[in-house]
Amino acid sequence: MLQSIGGLTIAIFGAAFAAILSGMGSSKGVGIVGQAAAGVITEDPSKFGKVLILQILPGTQGLYGFLAAFLIMNNMSPDMTVMQGLGYFAAGLPIAVTGFYSALWQARVAASGCSVVAKNPDQSGKAIIFAAMVETYAVLALLITILLIGKVA
Amino acid sequence: MAILKMKRIEILAMLSDSKSIVDLVQQSQAVHVIDYTEESNNFYKFSTGAAVGQFDKFYNVTVSAREILNRYVPVKGGLIASFAPRPDLSVSDFHKKAQAADEILSKCYGINALYKEIQDCRVEIVRVETALEQMRPWENLDIPSSFKETASTAVFVGSMEGTLDREAILSKIAELGGDFDLDVKVTYSDKNLTCLVAICHKDDAKDVEQALRTIGYVAPSDPTKHEPKVRIARLEKEIEKCNEKIAENEEKIKTYAEFRDDIAFLEDYFVLRMDKYKALDKISMSNNIFVLRGYIPEPEVEPLQTKLEKLFDVAISVSDPDFENEDVPVALENGTIGRTMEPITEMYGTPTHDDVDPNTVMTWFYYLLFGFMLGDAGYGVIMLIVCLIVMFKYRLEPHKAKTVHYALLCSIGTIVWGALFNGWFGDLPMYIANGFNLEGVMNRTNLDFISANHLYWFLPLEHTTRFLLFAFFIGILHLGLGVAVSLYNKLRHKQILEALVQDFPNLLILAGVIPLINSQLGAGAFSENPPTKFIDDIITVASKPLYICLIAGFALVFVGPVILAIKDKKPFLKILGGFASGANDFYGAASGYIGDILSYARLLALGLCTGVIASVINQLAAMPGNPILFVIFAIFGHTINLGINLIGTYVHTNRLQYVEFFSKFYESGGLPFKPLNVKTKSFKFKEEI
């Protein structure tokens with residue numbers, strides 16, 4: 001059955017998954033933090049800059065997924081074998097799944113960070129770092145995805 | 001790059017001079033005033049809480065007045081204008097303006113009152129609109145809705161739920177089977193509500209009312225005396241009146257715009273007074289004299305002392321603080337470039353007196369990492385241009401100069417890395433060379449000048465592994481610098497053996513990891529073509545000594561605790577226990593450094609992201625095949641890309657500094673030096689005082 005689908009289509013699915021899942025995670029994450037950030041802004045609009053940084057943090061996973069999809073796309077060719085297609089599909093999985101999950105958790109940390117900004121704006125740097133810690137795992141997943149894409153090619 | 005030497009200062013003077021002296025200390029901006037409770041009973045405190053509270057209240061009035069004013073008469077401005085210097089103000093002008101404070105304050109109260117009326121009107125409008133909404137269905141009724149009867153008939157005005165017409169209502173009534181005559185007129189009907197007038201003979205009134213109620217008739221809750229139209233007109237007029245009032249008040253508020261500067265001055269004035277009174281609160285005084293205590297950086301002692309002694313009868317004593325038992329604030333002094341890092345360090349925590357001031361040390365790597373992650377020369381050029389415009393347009397004040405210099409250095413780092421990796425708004429030069437023709441770019445018909453002459457180092461997208469390895473090597477250097485600073489700090493405190501067994505082996509390990517990563521992860525990624533081959537050559541030549549370093553490093557980590565235990569002359573069993581802790585350190589060093597180095601993969605992640613998104617933007621912009629549309633779309637897309645990536649880069653550069661770099665040597669947790677100073681927003685004292 002896989003033969004009839006063809007390697008290219010499977011690789012396309014891989015790229016799509018990487019972009020879709022991490023994008024889903026990021027959009028939900030950015031949304032969660034956005035709500036918390038809006039709450040902070042109603043009290044004190046001058047904190048916009050600080051909460052904006054927090055809000056954008058869970059957005060990077062979406063960019064990573066996009067990057068992975070782009071790299072897979074760069075390597076696509078019509079005469080790809082099924083094994084190559086499956087390889088790209090699997091290579092996209094780390095950033096797809098980890099990106100999705102880490103964006104959600106990063107969003108929770110960042111949303112809590114918003115309350116730090118609200119109550120103690122001097123410490124907002126630390127709140128940002130807490131949220132950035134989660135991102136490490138998205139970065140590592142992207143790293144593996146990129147290395148795997150290199151191996152398949 | 002240094003932590004300034006702190007001195008403790010005590011100023012003793014006549015009570016009658018207290019306010020003038022505090023004024024002078026405040027303007028010198030040099031003394032961190034502390035609250036010091038006197039042991040002797042002859043001293044007491046001057047409680048200023050009430051005065052501070054009063055100023056706070058006035059301050060809030062002025063702030064809200066200015067905000068209201070800004071809402072109705074917006075100030076023109078933008079990113080660049082926000083760096084404009086504040087106007088100078090001499091002390092005599094300050095006093096002149098301060099005398100008019102009451103007058104301006106009353107204007108502020110005026111603005112607030114006008115705004116309060118506007119808000120009241122808005123509430124009123126909402127209320128009236130609700131009432132109006134309820135009256136709308138009755139608009140076509142040509143009798144008052146309180147109309148009850150004529151000489152021989154009874155009239156029921158009311159409403160029912162749902163959409164009904166005359167026949168439907170009559171048939172519902174007929175179903176109930178009452179013995180009466182009734183006529184119904186439907187005046188209004190929508191999907192929720194039907195308004196009707198029912199009329200019958202007076203004798204049947206009771207039965208009819210009963211029947212109507214049974215089928216869901218409700219009399220109006222607030223019947224009108226006149227035709228509903230009259231009330232609707234009246235309500236509409238009320239809204240109009242409120243709107244007029246709002247417009248009128250807005251006009252009135254706008255006339256206050258000319259006082260905006262005075263109000264801004266007043267805001268600062270109250271902050272000054274508040275700070276001064278808060279400082280007065282910390283002063284202890286007897287019947288005739290007062291004592292002000294605080295900390296002062298050593299270079300500031302001389303000027304302040306001469307100034308005070310010239311103007312007043314004072315006794316000043318300056319002494320060395322006791323760092324063990326006192327919370328001595330920390331002031332930093334750095335050069336123009338090192339200073340740009342101070343806000344970043346402050347966000348993490350102020351150094352203690354035992355720390356090395358990290359600002360200058362971290363500077364170069366900070367801009368290097370920042371540039372690597374943003375990594376697009378085109379974006380760097382945009383940032384550079386903005387910074388240069390600001391710098392040439394205005395004479396910058398120190399704290400704003402810090403920000404602008406920071407951005408300037410970031411932009412230079414970005415340009416350097418961007419140029420090395422051929423990122424100019426992604427691959428914009430290719431589009432220009434091919435006349436914005438997408439096909440031409442895809443087939444690489446015309447190479448642009450930079451690509452044709454290979455004016456770059458290598459392309460990250462084509463050599464991902466090499467890019468990654470390079471990121472790791474930068475990370476190793478960065479970590480190594482962190483360990484080196486820790487080593488230096490230990491040597492400075494004469495902990496030579498600790499430095500040798502704790503920090504030195506880490507340096508060895510970091511050096512030894514380089515060939516390991518190169519062979520395991522990269523497998524000669526640098527060896528492919530000439531521009532990067534030198535890295536591979538160096539590593540190959542040095543690999544043997546570096547591997548020896550690695551082994552020696554781990555061996556030292558393992559025996560380190562034992563050596564320390566022997567040095568401290570611990571009992572024999574404790575020395576043996578050192579091996580266990582050595583094994584633990586061994587594991588910690590191995591896993592910790594792997595994690596730290598891997599963390600620098602974010603250099604690759606963010607670096608690639610900027611470039612790839614920029615290329616996609618170009619691609620999308622070229623799709624319509626029209627140069628003008630290309631420019632419009634590209635400007636829009638690149639602006640967004642720059643914004644998002646700037647924030648991401650800022651956060652992750654900070655993270656690498658805080659988590660990977662600072663953790664190697666930096667304690668933090670010092671008390672920041674917060675002198676009693678002039679915290680004005682809208683003007684600046686001239687340097688005559």
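Helices α6(A) and α22(B) lie roughly perpendicular to each other, a label for angles of 65 to 115 degrees. This is a predicted model, in which local features need pLDDT of at least 70 and side-chain atom pairs pLDDT 80 or more, while totals for chains, interfaces and linings use all residues. Residues are numbered from 1 along each chain as its sequence is written, chains are lettered from A in the order written, and side-chain values use heavy atoms without hydrogens or water.

**Helix pair**
- The axes of α6(A) and α22(B) come within 9 Å and cross at roughly 75°.
- Contact (heavy atoms within 4.5 Å) involves A132(A), T136(A), V139(A), L142(A), L143(A) and I146(A) on α6(A), and A601(B), R602(B), L604(B), A605(B) and L608(B) on α22(B).
- These contact residues comprise 9 nonpolar, 1 polar and 1 charged.

**Second largest pocket**
- Its volume is about 1400 Å³, the space filled by probe spheres set on the grid points.
- A pocket is an open set of points on a 1 Å grid, where a 1.4 Å probe fits, with protein on both sides within 12 Å along at least five of seven lines; lining residues have an atom within 4 Å of a point.
- The lining has 49 residues, with F70(A), N74(A), P460(B), L461(B) and E462(B) nearest the centre.
- Elements giving two or more lining residues include α6 of chain A and α22 of chain B.
- By class, 27 lining residues are nonpolar, 16 polar and 6 charged.

**Confidence**
- The complex has an ipTM of 0.82 and a pTM of 0.80 from the predictor.
- Chain B averages a pLDDT (confidence per residue, from 0 to 100) of 86, and 97% of the residues score at least 70.

Key: Helix = DSSP H or I, 4+ residues; strand = E, 2+ residues; numbered from the N terminus. Nonpolar A, V, L, I, M, F, W, Y, C, P; charged D, E, K, R; others polar. pLDDT = per-residue confidence, 0-100. Axes fitted to C-alpha atoms, helices over the stretch in contact; angles between N-to-C directions. Parallel < 35°, antiparallel > 145°, perpendicular 65-115°, else oblique.
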